[in-house]
Number of protein chains: 2
Amino acid sequence: MLSKQMLYNLENSSAIRKMFIEGQELAAKVGAENVFDFSLGNPVAPVPRAFTEALMEVLREEDSLALHGYMNNAGYPEVRQAVADHLNRRFDLGLSYENIVMTVGAAGAINIIFKAILDIEDDVVVFRPYFGEYRSYVSNYHGRVVEVDPQMPSFQPDLADFERKIDARTKAVLINNPVNPSGVVYSAETLRAIAAILERKQQEYRHAIYLIADEPYRELAYDGVDIPYVTKFYPNTFVAYSFSKTLSIPGERIGYLVVPPAMEQWREMANAVTVANRVCGFINAPSLLQKAVARCLEEKCDVDFYDRNRRTLYDALTAMGFRCVRPQGTFYLFMESPEPDERRFVANAKKHNLILVSGSTFAMPGYVRIAYCVSPDMIARSLPQFQSLAEEYGLS
Amino acid sequence: MLSKQMLYNLENSSAIRKMFIEGQELAAKVGAENVFDFSLGNPVAPVPRAFTEALMEVLREEDSLALHGYMNNAGYPEVRQAVADHLNRRFDLGLSYENIVMTVGAAGAINIIFKAILDIEDDVVVFRPYFGEYRSYVSNYHGRVVEVDPQMPSFQPDLADFERKIDARTKAVLINNPVNPSGVVYSAETLRAIAAILERKQQEYRHAIYLIADEPYRELAYDGVDIPYVTKFYPNTFVAYSFSKTLSIPGERIGYLVVPPAMEQWREMANAVTVANRVCGFINAPSLLQKAVARCLEEKCDVDFYDRNRRTLYDALTAMGFRCVRPQGTFYLFMESPEPDERRFVANAKKHNLILVSGSTFAMPGYVRIAYCVSPDMIARSLPQFQSLAEEYGLS
């Protein structure tokens, strides 16, 4: 009945969603207030008031037929120009509206990039740990995922392993910065090294190898850390961006992708991803949302909200004896499992009503992901549970 | 640089968009008021006031985090229930919210259905003339399009040809009712015959053959014609619906698909298309739009607006000696080209500043499509141009 591809997708269906559902089942049994669900990356910092006002203004001010009608499949030119201006102001990139394609979120952006560039059995290189949905996106185009190991304990990519993993079949390298699930931020040094390796490999294999920077967490960064703009390091770079986390609006599916002017044949590529937007069935990013985000490009949610959660949780868990990667971005904490099989640890945590996600989902067994996009109150109430879990493992 | 798939898509890129761009170039030369652009199916009947009010109300009334946040990938349960209730009231279908998946328009719906059911080299049967984008959607999943001829002059499907075209590789049959580009409405008799053939073929080949009804034009029907609900004729039917034409909001990308309770293993299939919504990168239909359409399911644009255009244009063109399929739905008129090569006719029409779309785009050479979703004034001003074109061909 179902296609082979779909059976693959169902078997590998999101372990994150699965844990979320287990958490809900547990809540039905023991009461929602007694379950500490750290599974889902659903933003909880309030939606900026300016976003709601922008939607209202657009609805009041614009002609409704033009507002809700078809436009170029790349989006409204004036919205794309506003995004280009915003990025130029912040990062000095020399973009025009023609370098911007408005997309159905970052997931839509990554899919239309793959549609434009991936042939069957092309390789896409990813860095462990990584967001498991990347496997689905690559398999949509019958590509193959090739995994690169992290350096420990920094969780920056192991560059020697990266260089080894690139061969004639490599069409693209997909990075996520800041990284879901580790919360690590790739430094300028890391990006410079990645770029140098890719430049060499392009020469060696005589074809373009694209770097795709998936940046939905760009604005969720802490300790004043700098998140370099990747197109500055390597010309054949696409940037996929989403407003989901920046504005706490993941249900709205609005983002954009950047095809920088330094990319080889960038006009052909911008045209190709635009056609891909249409033929993949997205057609265009939702029109009202395009107009609304264009009016609040300088806005973001209360990032300090997540930062406070980050500090509370990191400090408490490490004090209990857990070992965590210190996150500088995203709203995730990546914690080492006190026993080698982290799935057993996840199951034990659940007995303490703690809902965590297994690192295997992110191709990183031995770790668990804790999404701290939750209320500070829930974190405070969860700490005694983490404490008894730590004691169970003899950590403190 | 580009994938083979993408090169195919670019070569076969939308001839409709191409004519639209040619029209814009002509307008730049001779003035927009002198160009009669009948290329694009962009709704022009005003957006119902109730839709704008629904958006405003939702923004005022609902908690912004919940409103713009993630929900089940199938959509908000209460929105899906509202759609189910609406359809049950009108067509007595016995649907619950579990039979409805909110989608990024009908294009999104068709793509996730194909993702769920199509294996490489499966056949999808379509009826000429048909919307050319279907070729892209099928090719996204490496399926093959198999074309069935129409009966002439009714433009109902040739059922004998349909039966011949189904074989062991047939996984799905995709119909569009009312039909873009012919404006024809498939009768209950036609649907009953299609269903009977499919039932026999399912028996013969011992696997499910799915009927997919693409129904964005359902509400644009004239002369009181009945558009039967296809799930009543054949259990293994998906219905893909869009609010684009009903509410004049094609830029917003909001629609739904129906997995009826009579479909074999409908729960597994509903789950599969929901997962497909996620893995294809749609994730979910835009959340604000879901909430807004749920509040105006009984609304539609001024269908009489299109009906008046239809009558004016049909009556005038046939009086001039052109031969047209009499449309009972959509906002398209399908006209026979007075010379066998309709692309030459399209080129000649352009000399009269008339922008039409070649029937070859719809796999129906010898015809042209005229989109009458334009101002009545433009139609009135275009008639002398059609008249001189008719005279050029010695029709009147």
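Student: Against which helices do the buried residues of helix 3 of chain B pack?
Tutor: They pack against helix 3, helix 4 and helix 11 of chain A, together with helix 4 (64-68) and helix 11 (287-294) of chain B. Helices here are DSSP runs of H or I with at least four residues, and strands are runs of E with at least two, numbered from the N terminus. This is a predicted model, in which local features need pLDDT of at least 70 and side-chain atom pairs count only at pLDDT 80 or more, while totals for chains, interfaces and linings use all residues. Residues are numbered from 1 along each chain, chains are lettered from A in the order in which they are written, and side-chain values use heavy atoms, with hydrogens and water left out.

Student: What makes the span of helix 3 of chain B close to the expected one?
Tutor: The helix, residues 49-61, has 13 residues and reaches 18 Å from its first C-alpha to its last. The expected span is 1.5 Å times one less than the number of residues, which for this helix is 18 Å.

Student: Why is A:Arg206 called exposed?
Tutor: Its relative accessibility is 76%, and exposed means over 50%, buried under 20% and partly exposed in between (1.4 Å probe, protein chains only); A:Arg206 therefore counts as exposed. This residue, in the loop between helix 9 and strand 6 (210-214) of chain A, has a positive phi of about 55° although it is not a glycine.

Student: And what makes A:Gln265 partly exposed?
Tutor: Its relative accessible area is 45%, so A:Gln265 falls in the partly exposed class. A:Gln265 also has a positive phi, about 50°, without being a glycine, and lies in the loop between strand 8 (255-258) and helix 10 of chain A.

Student: Why is the interface described by an area?
Tutor: The size of an interface is often given as the accessible area lost when the parts come together. Chain A and chain B bury about 6000 Å² between them, 57% of it on carbon and sulfur atoms, where buried area is the accessible area (1.4 Å probe) lost by two parts on being put together, summed over both. In chain A, the residues losing the most area to chain B are A:Met1, A:His68 and A:Tyr70, together 13% of what that side buries.

Student: How many residues are in contact across the two chains?
Tutor: With contact taken as heavy atoms within 4.5 Å, 76 residues of chain A are in contact with 76 residues of chain B.
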